[in-house]
Amino acid sequence: MSKQKQKYNIKNILTFAIPSLLGLLFFMTPVQYDGNITIPIAVVAKFLQSEFTHIIHPLLVISVVAMSVLTLAVKAIKPKAILNNPFLNELLNPNWFWSLTRCVGGLFIVLTYLDIGPEMIRSGDTGGLVFHDLLPVLFSVFIIAGLLLPLLLNFGLLEIAGALLAKIMRPVFKLPGRSAIGCITSWLGDGSVGILMTAKQYENHTFTKREAAVIATNFSAVSITFSLVVITQVNLAHLFMPFYLIVCAAGIVAAIIVPKLPPLSRKADLFITGEAREHDKEVIPAGRSALSWGYELALDKASKAPSVKAFFQEGLKNVVDMILGIIPVVMAIGTIGLILATYTPLFDYLGMPFIPLLELMQVPEAAAASKTIMIGFADMFLPAILASSIESDMTRFIIACLSVTQLIYMSEVGALLIGSKIPVNFIDLFLIFIFRTLVCLPVIVGLSHLVF
């Protein structure tokens with residue numbers, strides 16, 4: 001320890017302690033707000049959303065349309081000033097698929113805002129749901145979370161958490177200990193924040209492709225608040241405790257099994273640069289405790305921390321990247337997914353193979369329940385809405401549990417993942433959704449039989 005004291009001074013210690021404590025306060029401290037348990041980041045985001053509700057929608061339209069036009073202009077003109085700037089080139093010059101996706105998002109948001117064009121695009125069940133209900137939430141969260149994410153990433157908090165949690169995360173889930181931080185943040189606050197944390201750490205060469213894909217699709221847990229909304233929607237709020245215990249049990253089982261199946265098992269254990277991990281910093285040297293080793297790693301990280309100016313520059317870049325890069329994609333893909341769910345029988349047909357399985361597990365009203373299983377891929381709340389008309393309490397309970405543990409839904413999480421640099425595509429997400437459903441369903445039904 002004497003060498004450590006010589007190497008790190010009081011400035012390093014304060015540089016680690018103060019920002020890390022602020023990060024814990026904003027992202028991971030449970031607070032009660034409007035009768036619900038949440039985190040300060042979510043409270044501030046809701047405050048912004050309510051205070052600026054009259055300008056958020058026009059800002060969304062302007063930003064998405066401007067992004068579509070700028071992307072097409074850069075593709076056509078190829079200005080060197082943008083192409084030679086790594087940040088602007090990455091933001092404004094994606095491949096043609098993502099360029100067209102942004103343009104589709106721009107078209108959808110204009111039609112929805114002006115309430116013109118095909119009803120199926122702008123209705124309250126499709127584009128209207130994404131534009132009026134989802135995007136303002138994401139917009140507010142992105143502003144606050146983007147600005148403050150460096151508190152978690154750049155000052156040593158993840159280093160000490162990684163060392164302390166590695167003995168659980170490595171043997172059980174084959175993941176770095178620091179991945180638990182994103183899970184806790186999602187659990188207390190919002191799954192989108194957990195995904196953003198994972199995406200940033202992947203871009204910063206902290207997680208490999210496999211680790212980032214596994215964490216984002218299996219550990220971006222649904223918040224306690226939203227879980228309460230789901231169980232309330234099916235008129236079973238009095239069963240919240242057994243409901244959430246079953247959700248946690250099924251989620252843990254899925255997090256152990258699903259990453260061992262394709263497509264996640266086939267993701268390369270390489271960083272975004274294509275390089276392999278040379279050594280695992282979370283491996284605790286002989287003769288050292290997890291706490292002392294993690295503390296040393298944290299102080300080493302703090303000694304290389306950015307200046308105040310660089311901190312805010314990085315935060316602003318995060319905000320710009322999230323709002324301009326992700327929101328157009330969410331508008332496009334979320335709307336398309338909800339159109340398929342609302343105006344086609346696609347999800348009814350996809351649910352039919354589950355009828356014999358539900359009947360085998362003695363789930364009442366199996367046919368009605370089967371229609372809700374696959375529609376969760378479009379939006380997590382849709383199964384609970386459809387289930388509210390089912391008479392059996394047990395069936396409604398099972399549907400509520402399953403919708404929360406499936407995790408992948410295209411109106412938010414799926415669109416966020418596809419819009420990020422995490423190496424998952426639409427087919428990957430669909431397969432992961434199927435496997436999570438098949439793994440979680442027997443666990444949920446089995447435990448539900450003990451409740452009812």
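Is Lys-78 buried or exposed, and what is its relative accessible area? Hi everyone, let me start there. Lys-78 is exposed, at a relative accessible area of 51%; here buried is under 20%, exposed over 50% and partly exposed in between, with a 1.4 Å probe and protein chains only.

A quick word on the source. This is a predicted model, where local features need pLDDT of at least 70 and side-chain atom pairs count only at pLDDT 80 or more, while totals for chains, interfaces and linings use all residues. Residues are numbered from 1 along each chain as its sequence is written, and side-chain values use heavy atoms, leaving out hydrogens and water.

Now, the backbone. Most residues other than glycine have a negative phi, and most peptide bonds are trans. Lys-78, though not a glycine, has a positive phi of about 55°. Glu-365 is not a glycine either, and its phi is positive at about 50°. With 35% relative accessibility, Glu-365 counts as partly exposed. Then there is a cis peptide bond between Pro-262 and Pro-263, with omega about 10°.

Let's finish with Thr-437. You'll find this residue in helix H24, residues 426–451; helices are DSSP runs of H or I with at least four residues, strands are runs of E with at least two, and both are numbered from the N terminus. Thr-437 is buried, with a relative accessible area of 0%. Leaving aside residues up to four places away in sequence, Thr-437 touches Phe-354, Ile-373, Leu-402 and Gln-406, where contact means heavy atoms within 4.5 Å.

Thanks, everyone!
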